[in-house]
Amino acid sequence: MSMLLTYLLLMFIVAGIVILVSVLAYNRRLDRIVRGEERDTHSRLPEPTATVGATYRVVLMAICVIAVVLMSTMYGMLRTMQDKLSMLQNAQQKLNSEIWYLQGLVENENRLVLDTYLEVPSVDYEKLTARVRYRITLREYSEDGVVSLQINDREIPMEPESPGEFVCDFETDFSDNTETARVILRENGRTSIEEVESPGNLFEKFLPMPTCSCFLTSDMYFGKLKAQGYYLVETQKAEEVASATVTYMTGGSDIKTVDITKQVKEQSEIALEKDLPLDKDLTLRIEIQMQNGFRTVKQFMACYAAVTDAVGVEYERILDAEGNILWENQYYVEMR
């Protein structure tokens, strides 16, 4: 930048010298004409105004050329800086990934429990209970060590099954929600406690609870919502499904109910019904009927255009064969 200013200053100085020399030469010639030493015929000296105009144009052209060169140089520098910034961001992301990976390795090296596994061997639908088996693998243990599993406030003894592996069975209700799970190791007068993955809502392990992935697009036409696309209804227990339906809703009212048993069992795509008479939202209610008569229901808002708040629009339910609600989870929906 300082070099550019120097060039501009030199250019203005040269232009000033040229104009000054032209004015002086022109004045000297006028003096000779006045004294009769020279006639004013076809003078080769340009008038000062013409010299100033020509010099002004040359200076402007030079400034334009310099400006173009400068803009090109600055654009190149900007692109180079952007490329370097992108490289730095990629390097930062790579470094963060490596740090997280190393942190995970360090944490795993210091962990007492190497692995956990949970299964549900049997379910009693009359008593609404299930037998759960929890298995862990320890990194280190001693023969006289005592291992137990703490589920919420309940402590369950674990028995050795193979070197390093311990297992326990316990019964739980459908409605039990495991918020915390810990493994407790007592050996040589010392107690070690380590948190393990919480089973969460255990009924999700043995009931076909539906989950939905939507690939829908929507828009408003003349105050009405138009939607199209497809969606998937997935469940961990497809073999327990006797039948499945989807009910399309809008404004809290049912529009149409369609059988989707085949798609749920095959975990395949379900095309959205065309030309549904929608208001300002599209809500889906997925109902799965089990072989024993139990039902799992999931209702959720897939598309909406209204700006409002709603309670109870989205929920999950488990119902027995008589239609009694055994478990329910409602969501507060804030639509913006």
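Before I start on who faces whom: two strands count as paired if DSSP finds at least two bridges between them. I also note that this is a predicted model.

**Entry 1: strand 8 and its neighbour.** With that rule in hand, I looked up Arg182 and found it opposite Glu195 in strand 8. Strand 7 and strand 8 (residues 190-195) are antiparallel and joined by six bridges. The two make a hairpin with two residues between them, and Asn188 in that turn has a positive phi of about 55°.

**Entry 2: is strand 7 buried or exposed?** I checked its residues: five of the seven are buried, so strand 7 is largely enclosed by the rest of the structure. Then I picked Glu187, which lies in strand 7 (residues 181-187). A residue is buried under 20% relative accessible area. Glu187 comes out at 12%, so it counts as buried. Leaving out residues up to four places away in sequence, Glu187 touches Tyr141, Ser142 and Gly145.

Entry 3: I traced the strand order next and got 1-2-5-4-3-7-8, an open sheet of seven strands with antiparallel pairing. Strand 1 (113-124) and strand 8 are the edges, each pairing on one side only. On average, neighbouring strands here are turned by 25° against each other, direction ignored. At the strand 1 end, I counted nine bridges to strand 2 (residues 129-138), again antiparallel. Val123 stands opposite Ala130 in strand 2.

**Entry 4: the cores.** The largest nonpolar core has 22 residues, and Tyr231, Val246, Tyr248, Ile260, Leu272 and Leu282 touch the most other members. Strand 11 (224-234), strand 12 (241-250), strand 15 (281-290) and strand 16 (295-304) each give two or more residues to this core. Apart from it lies another core, of 20 residues, and I noted Tyr134, Val147, Cys168 and Leu185 among them.

I took a closer look at Tyr231. Beyond four places away in sequence, its contacts include Val246, Tyr248, Leu272 and Leu284.

Notes. Residues are numbered from 1 along each chain as its sequence is written. This is a predicted model: local features need pLDDT of at least 70, side-chain atom pairs count only at pLDDT 80 or more; totals for chains, interfaces and linings use all residues. Side-chain values use heavy atoms; hydrogens and water are left out. Helices (H or I, at least four residues) and strands (E, at least two) are DSSP runs, numbered from the N terminus. Buried means under 20% relative accessible area, exposed over 50%, partly exposed in between (1.4 Å probe, protein chains only). Contact means heavy atoms within 4.5 Å. Axes are lines fitted to C-alpha atoms, for helices over the stretch in contact, and angles run from 0 to 180 degrees between N-to-C directions. A nonpolar core is a set of buried Ala, Val, Leu, Ile, Met, Phe, Trp, Tyr and Cys residues joined through side-chain atoms within 4.5 Å.
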